[in-house]
Amino acid sequence: MKAAVLEGLQKITVRTDVPVPSIGPRDVLVRARACGICATDVHIYDGEFFPTFPLVQGHELAGEVAEVGAEVRELKPGDRVMVDPTVTCDDCHFCMTQRQNHCLQWNAVGVTRDGGFGEYVRVPARNCYRFERVSFSEGAFTEPLACVVYGQDRARLGLGSEVLILGAGPIGQLHLQTSRANGAAAVTVVDTVESKLDLARRFGAAHTVVADNALDERLRKIARWGYDVVIDATGNPKAIQGALPHLANGGRLLLFGVCAPDATIELKPFDVYRRDLEIIGSFAIRRTYDRAFKLMENGVVRVRELISEALPVEDTVRGIETLKHGRAGMKLQIVFPE
Ligand SMILES: [Zn+2]
Ligand SMILES: [Zn+2]
């Protein structure tokens, strides 16, 4: 089969001689149809997620069931499925205390085992969610949305919250839509790119602000007492640092964008104490796939406008490089023809 194989640091080769994976009794073989490229893929490509080579990346996957294992009852060949990439043991301390995203044997399709930048993928049957009403491209978008739903749970938005979102890429746009669904009174979105802010306005941002020298002043004008929730969707430590003074007393900062592992910010513990601040992390997905899909299927969250380009698997490197250098309009996806 054809697959984009990460063979070493920043070295992807598109091969046609990759063997089709064999499946176990509780697995299904999924024929990939659409698979998003994500900032995490850039980190893996750059060696920041400790990849083991060779690896077929791609964790935002939707496709068709091609084959089912002997013990699989709920799925059959031809079913359209999207795949929760998170593979957990369900036995360890963290699985047993409802923190499956911290499973001691945590694995993820396309991150620690082969994923959707190849024609066929081996996936545990229980990770597959059948769907009908949306396209494969939209189905593949459930993965980042499921991450965002988990982040929203962590940030505990209250009805009437004033929210600030840093970054208007696909993740920022998903946080905008889910914040509104969660009852935000007003969402302000910041980015350096005007066209991305235009899209944020179409998705209901109350305010959009270009990140330039006047940023602080404009943010203060919008929310005099600061923002109840600030969500970082940039992974840029400078942007996060700059947002700290804009947290209202009692405010919460959700660190959602992935910073480099050795990046740091400066934080005054006294401020956190005196101002009742909360700094919140959010890693991947914790059983939020089903809810994410319902939000999309029912039109509460729209993703079609967030897909800017569909690439053949031969263009995987171009896609990753485009994202890496900030030239992607919105979400790029690898698609496989019927
Ligand atoms: Zn991702
Ligand atoms: Zn576990």
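Me: Which residues are the protein donors of the zinc ion (ligand 1)?
Reply: In this predicted model, the donor residues follow the spacing C-x20-H-E along the chain. The donor atoms, an SG, an NE2 and an OE, lie 2.1 to 2.8 Å from the zinc ion (ligand 1). The residues that supply them are Cys38, His59 and Glu60.

Me: Are His59 and Glu60 buried or exposed?
Reply: Both residues are protein donors of the zinc ion (ligand 1). A residue counts as buried under 20% relative accessible area. By that rule His59 and Glu60 are buried.

Me: What is the arrangement of the four donor atoms around the zinc ion (ligand 2)?
Reply: The protein donors here are the SG atoms of Cys89, Cys92, Cys95 and Cys103, lying 2.4 Å from the zinc ion (ligand 2). In sequence these residues are spaced C-x2-C-x2-C-x7-C. Four donors count as tetrahedral if all angles lie between 85 and 135 degrees. The angles here are 102 to 119°, so the arrangement is tetrahedral.

Me: How many disulfides does the structure hold?
Reply: Cys259 is in no disulfide either, as the nearest cysteine sulfur, that of Cys38, is 14 Å away. Cys259 is partly exposed, at 25% relative accessible area. For the structure as a whole, the number of disulfides is zero.

Me: Why does the pair of Trp106 and Phe283 count as tilted?
Reply: The structure has five aromatic pairs by the rule applied. The rings of Trp106 and Phe283 have centres 5.2 Å apart. Planes under 30 degrees apart count as stacked and those over 60 as edge-to-face, with the rest tilted. The pair is therefore tilted because its planes stand at 55°.

Me: How many residues apart in sequence are the parts that Trp106 and Phe283 tie together?
Reply: Trp106 lies in the loop between helix H2 (93-96) and strand E8 (107-108). Phe283 belongs to the loop between strand E16 (278-281) and helix H10 (289-297). Trp106 is partly exposed at 22%, and Phe283 is partly exposed at 31%. The separation of the two parts in sequence is 177 residues.

Me: Which residue lies over the face of Phe136?
Reply: Phe136 forms one aromatic cluster with Phe131 and Phe293. A charge sits over a ring if its Lys NZ or Arg CZ is within 6 Å of the ring centre and within 35 degrees of the ring normal. At 4.4 Å from the ring centre of Phe136, the residue over its face is Arg80.

Me: Where is Arg15 placed?
Reply: Arg15 is partly exposed, at 31% relative accessibility. Beyond its neighbours within four places in sequence, its contacts include Met1, Val5 and Glu7. Arg15 has its place in strand E2 (residues 11-15).

Note on methods: Residues numbered from 1 in each chain as written. Chains lettered and ligands numbered in written order. Predicted model: local features only at pLDDT ≥ 70, side-chain atom pairs only at ≥ 80, totals over all residues. Heavy atoms only, no water. Disulfide = S-S within 2.5 Å. Buried < 20%, exposed > 50% of the residue type's maximum accessible area, 1.4 Å probe, protein only. Helix = DSSP H or I, 4+ residues; strand = E, 2+ residues; numbered from the N terminus. Contact = heavy atoms within 4.5 Å. Phe/Tyr/Trp six-rings, centres within 6.5 Å; stacked < 30°, edge-to-face > 60°. Donors = N, O, S within 2.8 Å, 3.2 Å for Na, K, Ca; no water. Tetrahedral: all angles 85-135°; square planar, octahedral: opposite > 155°, others 65-115°.
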